[in-house]
Each structure stands twice: as C-alpha cells, then as structure tokens.
Amino acid sequence: MAEDPVSFALDIADLFTQRDQEAMLIQFDLWDAEDVRDNADAILETLTSGRMPCYGAWDEAKVGLFRQWVEQGKAD
Ligand code: HEM
C-alpha cells in the first residue's frame, strides 16, 4: 500500500522552532504552508548547506524529511 506523501501540517511545520519562525518573518512565515512552498528550493538549499538555522545545522534526518516533502509535491 502506498504511504501518504509527507504533509506540511503533520510532518514539516513542527520542524521549525518559534525562534526560526520569528527570525525569518521578514522574508516568509515558516509556519505557513504557502510561504514555505513558494520558497522551498531556497529553504532546502540553506538547510542542505547548513547555513540555516543560524544557531546549528539540522541533522540529515530532518533535512531528508524536508527534501522528501519537496519531492513528493509539497502537500498540505
Ligand atoms: C531562503 C532561505 C533563508 C534565507 C535566505 C535566510 C536568511 C537569513 C538571514 C539573512 C538572517 C539574518 C542574518 C543571519 O543571522 O545570518 C537569518 C537569520 C536566521 N534564520 Fe534564516 N534564512 C533562510 C531560511 C531559514 C530557515 C529554513 C530557518 C530555520 C530552519 C532559518 C532560521 C534562522 C534563524 C534562527 C536566524 C537567526 C535569528 C536569531 O538570531 O535567532 N532561516 N536568516
């Protein structure tokens, strides 16, 4: 049986802390599916390179989950 695609509300939103969300509001809202969808490629690049979050890179499991969300169609 096929599994459901990675979901923004169920799997992704919680990866972003309140500090992350507040820091980045000047550019986009990391808790808003539409904003993250619109900026997904740039966000993925900063996560992959480890440039964001600024206080410490995500581990591969978290980056991988975000990448999967992008590759599976950025579902709500
Ligand atoms: C397109 C993607 C992004 C761009 C262009 C971007 C850019 C920036 C810039 C210019 C700053 C301020 C200068 C600095 O501290 O380096 C900043 C700060 C920050 N960003 Fe991002 N960012 C992106 C994505 C993210 C993501 C995905 C996260 C979290 C997972 C994040 C979390 C933060 C945090 C925590 C800070 C520091 C604020 C503090 O001092 O607490 N950013 N970002």
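Colleague: Is Phe16 buried or exposed in this model?

Modeller: This is a predicted model, and the values discussed here are computed from it. Buried means under 20% relative accessible area. Phe16 has 5% relative accessibility, so Phe16 counts as buried.

Colleague: How is a pair of aromatic rings described?

Modeller: Two values are used, the distance of the ring centres and the angle of the planes. The structure holds 4 aromatic pairs. One of them is formed by Phe16 and Trp58, with 5.4 Å centre to centre and 40° between the planes, and this pair is tilted.

Colleague: Which parts of the chain does the pair of Phe16 and Trp58 link?

Modeller: Distant parts. Phe16 belongs to the loop between helix 1 (8-12) and helix 2 (18-23), while Trp58 belongs to the loop between helix 4 (40-49) and helix 5 (60-71). The two residues are 42 residues apart. Trp58 has a relative accessible area of 10%, so Trp58 is buried.

Colleague: Why is the pair of Phe16 and Phe66 called edge-to-face?

Modeller: Planes over 60 degrees apart count as edge-to-face. The planes of Phe16 and Phe66 stand at 75°, with the ring centres 6.2 Å apart, so this pair is edge-to-face. Phe66 lies in helix 5 and Phe16 in the loop between helix 1 and helix 2, so the pair ties together parts that are 50 residues apart in sequence. Phe16 and Phe66 are both buried.

Colleague: Which residues do the ring pairs link into a cluster?

Modeller: The cluster consists of Phe8, Phe16, Trp58, Phe66 and Trp69.

Colleague: Turning to the ligand, which residues around the ligand come nearest?

Modeller: There are 17 residues around the ligand, and those that come nearest are Arg19, Ala23, Met24, Met52 and Cys54. For Arg19, a polar side-chain atom lies 2.6 Å from an oxygen atom of the ligand. The largest pocket is the space taken by the ligand.

Colleague: Which elements give two or more residues to the shell around the ligand?

Modeller: Helix 2 and helix 4 do. Helix 4 gives the most, with 4 residues.

Colleague: How do the residues of the shell divide into nonpolar, polar and charged?

Modeller: The shell has 13 nonpolar residues, 2 polar and 2 charged.

Colleague: What should I look for in the backbone?

Modeller: The general idea is that most residues other than glycine have a negative phi, and most peptide bonds are trans. In this structure, a cis peptide bond joins Met52 and Pro53, with omega about -5°. Pro53 is placed in the loop between helix 4 and helix 5.

Colleague: Where is Met52 found, and how should I read its relative accessible area?

Modeller: Met52 is also in the loop between helix 4 and helix 5. Its relative accessible area is 32%, so Met52 is partly exposed. Met52 is among the residues that come nearest to the ligand. The C-alpha atoms of Met52 and Ala42 are separated by 11 Å, with the two residues 10 residues apart along the chain.

Colleague: Which residue has a positive phi although it is not a glycine?

Modeller: Lys74 does, with a phi of about 55°. Lys74 sits in the segment after helix 5. At 22% relative accessibility, Lys74 counts as partly exposed.

Colleague: What are the values for Thr46 and Phe16?

Modeller: The C-alpha atoms of Thr46 and Phe16 are separated by 13 Å, and the residues are 30 residues apart along the chain. Thr46 is placed in helix 4. Thr46 has a relative accessible area of 15%, so Thr46 is buried.

Conventions: Residues are numbered from 1 along each chain as its sequence is written. This is a predicted model: local features need pLDDT of at least 70, side-chain atom pairs count only at pLDDT 80 or more; totals for chains, interfaces and linings use all residues. Side-chain values use heavy atoms; hydrogens and water are left out. Rings of Phe, Tyr and Trp (its six-membered ring) pair if their centres lie within 6.5 Å; planes under 30 degrees apart count as stacked, over 60 as edge-to-face and the rest as tilted. Buried means under 20% relative accessible area, exposed over 50%, partly exposed in between (1.4 Å probe, protein chains only). A residue is near a molecule or strand if one of its heavy atoms lies within 4 Å of it. A polar contact is a pair of N or O atoms within 3.5 Å; within protein, one must be able to donate a hydrogen and the other to accept it, and residues adjacent in sequence count only if both atoms are side-chain atoms. On a 1 Å grid over the protein atoms alone, a cavity is a set of points where a 1.4 Å probe fits but cannot get out, and a pocket is an open set with protein on both sides within 12 Å along at least five of seven lines; lining residues have an atom within 4 Å of a point. A molecule sits in a cavity or pocket if more than half of its atoms lie within 2 Å of its grid points. Ala, Val, Leu, Ile, Met, Phe, Trp, Tyr, Cys and Pro count as nonpolar, Asp, Glu, Lys and Arg as charged, and the others, Gly among them, as polar.
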